[in-house]
Amino acid sequence: MAVVAVVATAGPAAAGPAVSADPTRVDTEREAVARAYIDALVSHDASAVKFAPDATRVEAGLKTGFSGPQMTRDLEHGPQYRVIRGIRDLRMSESGDVVTTTYLLDAGVGDVRLMTVEITETFEVPDGTIHAIVAHIRPKSLF
């Protein structure tokens, strides 16, 4: 059985964490693990992200994450994440050990948004930690 949630952020390029559209709704344990990762994309604070030591990430068919410690360092210091201006329109669903998220990510420099992409990520979370992330990215708009 799948649990589905729709969440949103306040504004087109919000820099804060995603906020549930339903303030009474609470993330499941696995959704909270995935949300911590997504929040860290914007905040660059990965202290709440729970990676398994041998976690991996595949983006557009290429392996970009090779271990939990490496992905933690990337989230906190990687230049590829510094262009992220905000995340919005986050939707989450859960089936078994897998959480699927879809959201819009705004990228740019300073306060100037240059591009929006739609990202769908699946998170394997069998034991409270992220073991694998698979990301599919589709451009939505250029500014």
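Modeller: The answers below cover a predicted model, and they go from aromatic rings to salt bridges to one helix.

Colleague: How many aromatic pairs does the structure hold?

Modeller: A pair of aromatic rings is described by the distance of the centres and the angle of the planes. Ring centres must lie within 6.5 Å to pair. The structure's count of aromatic pairs is 2.

Colleague: Is the pair of tyrosine 37 and phenylalanine 51 stacked or edge-to-face?

Modeller: The two centres are 6.1 Å apart, with 80 degrees between the planes. Planes over 60 degrees apart count as edge-to-face. So tyrosine 37 and phenylalanine 51 are edge-to-face.

Colleague: How many residues apart in sequence are the parts that this pair ties together?

Modeller: Tyrosine 37 sits in helix H1, residues 29–43. Phenylalanine 51 belongs to strand E3, residues 51–59. The pair therefore ties together parts separated in sequence by 14 residues.

Colleague: What geometry do the rings of tyrosine 37 and phenylalanine 123 have?

Modeller: Their centres are 5.5 Å apart. Their planes stand at 70 degrees, so this pair is edge-to-face.

Colleague: In which strand is phenylalanine 123, the partner of tyrosine 37?

Modeller: The pair links distant parts of the chain, 86 residues apart. Tyrosine 37 is in helix H1, and phenylalanine 123 is in strand E7 (residues 112–124).

Colleague: Which residues form one aromatic cluster, and are they buried or exposed?

Modeller: Buried means under 20% relative accessible area. Tyrosine 37 has 1%, phenylalanine 51 has 13%, and phenylalanine 123 has 0%, so each counts as buried. The residues of the cluster are Tyr37, Phe51 and Phe123.

Colleague: Now the charges. How many salt bridges are there?

Modeller: Side chains of opposite charge can pair when their charged atoms come close. The cut-off is 4 Å from a side-chain nitrogen of Lys or Arg to a carboxyl oxygen of Asp or Glu. By this rule, the number of salt bridges is 9.

Colleague: Which residue meets arginine 35 in a salt bridge?

Modeller: Arginine 35 is buried, at 10% relative accessible area. Its side chain forms a salt bridge at 2.5 Å, N to O, with aspartate 27.

Colleague: Last, helix H2. Within what arc do its buried residues fall?

Modeller: Helix H2 spans residues 68–77, and its buried residues are Gly68, Gln70, Met71 and Leu75. Seen down the axis, they line one face of the helix because they fall within an arc of 160 degrees.

Colleague: What do these buried residues of H2 pack against?

Modeller: Contact means heavy atoms within 4.5 Å. The partners are H1, E3, strand E4 (62–65) and helix H3 (79–82).

Notes:
Residues are numbered from 1 along each chain as its sequence is written. Side-chain values use heavy atoms; hydrogens and water are left out. Rings of Phe, Tyr and Trp (its six-membered ring) pair if their centres lie within 6.5 Å; planes under 30 degrees apart count as stacked, over 60 as edge-to-face and the rest as tilted. Helices (H or I, at least four residues) and strands (E, at least two) are DSSP runs, numbered from the N terminus. Buried means under 20% relative accessible area, exposed over 50%, partly exposed in between (1.4 Å probe, protein chains only). The arc is that of the directions from the helix axis to the C-beta atoms.
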